Amino acid sequence: MTTTPATDTAADRARDTVPTARPAHFAAAPAGPAAPGGDAHVEAEGFSIFYRATEAVKGVSLRIPRHRVTAIIGPSGCGKSTLLRAVNRMNDLIPGCRTKGALRLDREDVYDPRVDVVALRRRVGMVFQKPNPFPKSIFDNVAYGPRLHAGGGRREMSDVVERSLRKAALWDEVKDRLEQNALGLSGGQQQRLCLARALAVEPEVLLMDEPTSALDPKATARIEDLIDELRSTYTILIVTHNMQQAARVSDLTAFLYEGVLIEFGVTNRLFTKPEKKQTEDYITGRFG
Amino acid sequence: MELRTRHLLDRSFSAVGLLSIAAMALSLLVLILPIAVRGARAFAFRGTAEWRRMQLELFGRGDADAVRAEQRRAAAAKQPVVDAWAAFERELEGRPDAERRRLQAAARSLRPALAELLGPLPGEAEPALPRNRYGQTRWDRALVKWQAVKFRTEWDYSDPAAGGKKVLVPRARDFRGTALEPAFDHLERHLAEILRPRWTFYGRFLTDVAKDAHFFGGIGPEVLGTLYLTLGAMLFAVPIGVLSAIYLVEYAGENMVISGLRTFISTLAGVPSIVFGLFGLAFFLNTLRVSPSKSVLAGSLTLALLILPTVIRASEEALLAVPRTYKEAALALGSGRWATIVKVILPAALPGILTGIVISMGRAAGETAPIIFTAAVSVGLPLTPAQTLTEPTPALPWNIYNLCTEHEAVDEIRHVQYGMVFTLVALVLLLNLAAIGFRARIARNLRG
């Protein structure tokens, strides 16, 4: 791994000190688009996404294992965000967007016409590039999802909110001002609030679309620490521009270039011994 | 471009902007100030003893004993005039025929002027109309009427080039040498003792009914009618307008029908209001027969149609201005479309929607043409909410027009006209202020 002591994060430390956290088949798994085996939580098979005539994602096949952090890297416009947004069908908002092939969540096709999109999005939470809390109180932000799905009394709701905020490591900072407007928080706090808001719905999969690109280094480190803490209970997909970040936080990395999945494998291996020339060029900074 | 040129351009732009704002503020002041000053005279003026008698007799207000005592003092001050008149009539008999006829004619023209100033002289039959039963109730009007007693107008046609020239002839000269002559002098010196002007605040102008075609009383039914019509219009226009905007922004795609619809809505906003008025008459009253006659209901529906385009447009703009990220966040949390709209988008768009509603409200309150044929009458009593479904009502904009143009004595009731204008402007201003405050509070909650 290409980390220096200066950028050593909790994520790295955790992995270094607890090697058993990784199942053996990861190391044994063959690298490349065939993807590591095991229990695939999200699985794409010949999956393409079109914006009208443009093919943004081209026949991607990959299997994303349960309770791991998978990073998707690649240069701007390579289709990594598009691929990410396909998992909870946020692309439905874009007119003229259609798909081909299969994208499965727990072996069920996400794009099956019978799928209830609202139910799908409850299972697949998302954190966006820019912090986007609602212009409501901190409490109401976190309670938004739970209130939609379960009624629940104020008391239960308080528990959910506290639990979610604790998971997002925000509780201690905001517990005395839950009724204040969320827009009064700092950028880093807002992003953790968005994370708490997503966690409050209790999803299985967490999509993160460049979650730290609008944050300063300190706030970025906190989010990365959080990702590390959440990896045991959630399947996390993170799109990032920052290759150090991918190396720090992810177990697996997929490299996408011009809509094509070039290489997919264990992060450590991909960054140290990439199989494809393009991957090597990208991670060494020759383009991108 | 050179730096100096750029600076010069910048400065001239800001100067022009500042100037136009100053011009706007000035014209607003020029408009509002006279309205406020003259309108205030409907509420605060010097009321005479006749005013207090009128209030007691027509509205049952005031201390009856005090008013009677004041009337006695006023009568005592007036007595010399009454005596002079009686003496004058007696001495007429002894005059030569020609002079008697001249004096009788002069007296015939003086007597109504005197009655207008002081009220009917003792011994006359009680007039049928309240306006003839009292002398001048307002001191400012009394001074005008005194001039009409003191002078008669003659037209001098001696110079054909100049046409007729108005000449004021003192009536005292007509009655020179008669018993009536000193009465003018007495009135001149003791008018204030007879009419006893006193500063009066008439707050109930806003709620009183009008007596005798607005000669006396207030504008209660007009204010109430305007409120009914405005609220009624809002009742119809706001839900329909906001829902239409939501449909157009959140549900409708981009196709020929929808863009055609948008064009229609914009066009509708530019249709002259009199066309809406006639349409309201033809459609709501003659075709749908929503009520047996003109009614607040029909007027509200017509006004609602008039402001609907504004409400839709403003709501659309406000909805479009809500950051897309809010919508994305809500949808990503498993929020359905409707829940997203109701819980996230609509609250965030509320300040903008409110602004549109308030602008429309001001318009609905002030529009005259749409209610002429559908809701407004010149004279009426305050309606109960149930009556609004079937009965027409007086309303400020229509009655301002009516009192200024079609009233039999336009000049006598200027204070009522200005009072109405002032009230209407204040009403619209108040609505706006309330909404601005409301909007600011919501915006503050949204900003955090």
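This is a predicted model: local features need pLDDT of at least 70, side-chain atom pairs count only at pLDDT 80 or more; totals for chains, interfaces and linings use all residues.
Two strands pair if DSSP finds at least two bridges between them.

- Four strands of chain A make an open sheet, in the order β2-β1-β4-β5. Their pairing is antiparallel.
- Strands of a sheet pair through backbone hydrogen bonds, either parallel or antiparallel.
- The edges are held by β2 (54-65) and β5 (108-109) of chain A. Each has a single partner strand, so one side of each lacks a neighbour in the sheet.
- Strand β1 (residues 40-51) and strand β4 (residues 97-105) of chain A run antiparallel and are joined by eight bridges.
- Opposite E45(A) stands A102(A), a residue of β4(A).
- Helix α3 (residues 80-87) of chain A packs on this sheet. The helix touches β1, β2 and β4 of chain A, and its direction makes about 60° with that of β2(A).

**Where chain A meets chain B**

- On chain A, 23 residues are in contact with 17 residues of chain B.
- Three elements of chain A give two or more residues to its side of this contact: α4 (117-123), α5 (138-149) and α8 (187-200).
- The most comes from α5(A), with four residues.
- By type, the chain A side divides into 12 nonpolar, seven polar and four charged residues.

**Helix α8 of chain B**

- Helix α8 (residues 181-195) of chain B has 15 residues. At 1.5 Å a residue they should span 21 Å, which agrees with end C-alpha atoms 21 Å apart.
- α8(B) also bends, by about 65° at R189(B).
- Its buried residues are A183(B), F184(B), L187(B), L191(B), I194(B) and L195(B).
- The cover over these buried residues of α8(B) includes α2 (49-59), α3 (64-92), α4 (97-118), α6 (139-150) and α7 (171-174) of chain B.

**Helix α16 of chain B**

- Helix α16 (residues 396-405) of chain B is largely enclosed by the rest of the structure, because seven of its 10 residues are buried.
- Those buried residues are L396(B), P397(B), W398(B), N399(B), I400(B), N402(B) and L403(B).
- Among the elements of chain B that cover the buried residues of α16(B) are α9 (220-251), α14 (337-366), α15 (369-372) and α17 (414-447).

Terms used
Residues are numbered from 1 along each chain as its sequence is written. Chains are lettered from A and ligands numbered from 1 in the order in which they are written. Two residues are in contact if their C-beta atoms, placed from the backbone, lie within 7 Å. Ala, Val, Leu, Ile, Met, Phe, Trp, Tyr, Cys and Pro count as nonpolar, Asp, Glu, Lys and Arg as charged, and the others, Gly among them, as polar. A residue is buried if 20 or more other C-beta atoms lie within 10 Å of its own, exposed if 12 or fewer, and partly exposed in between; C-beta atoms are placed from the backbone. The expected span of a helix is 1.5 Å times one less than its number of residues. The bend at a residue is the angle between axes fitted to the seven residues ending there and the seven starting there. Axes are lines fitted to C-alpha atoms, for helices over the stretch in contact, and angles run from 0 to 180 degrees between N-to-C directions.
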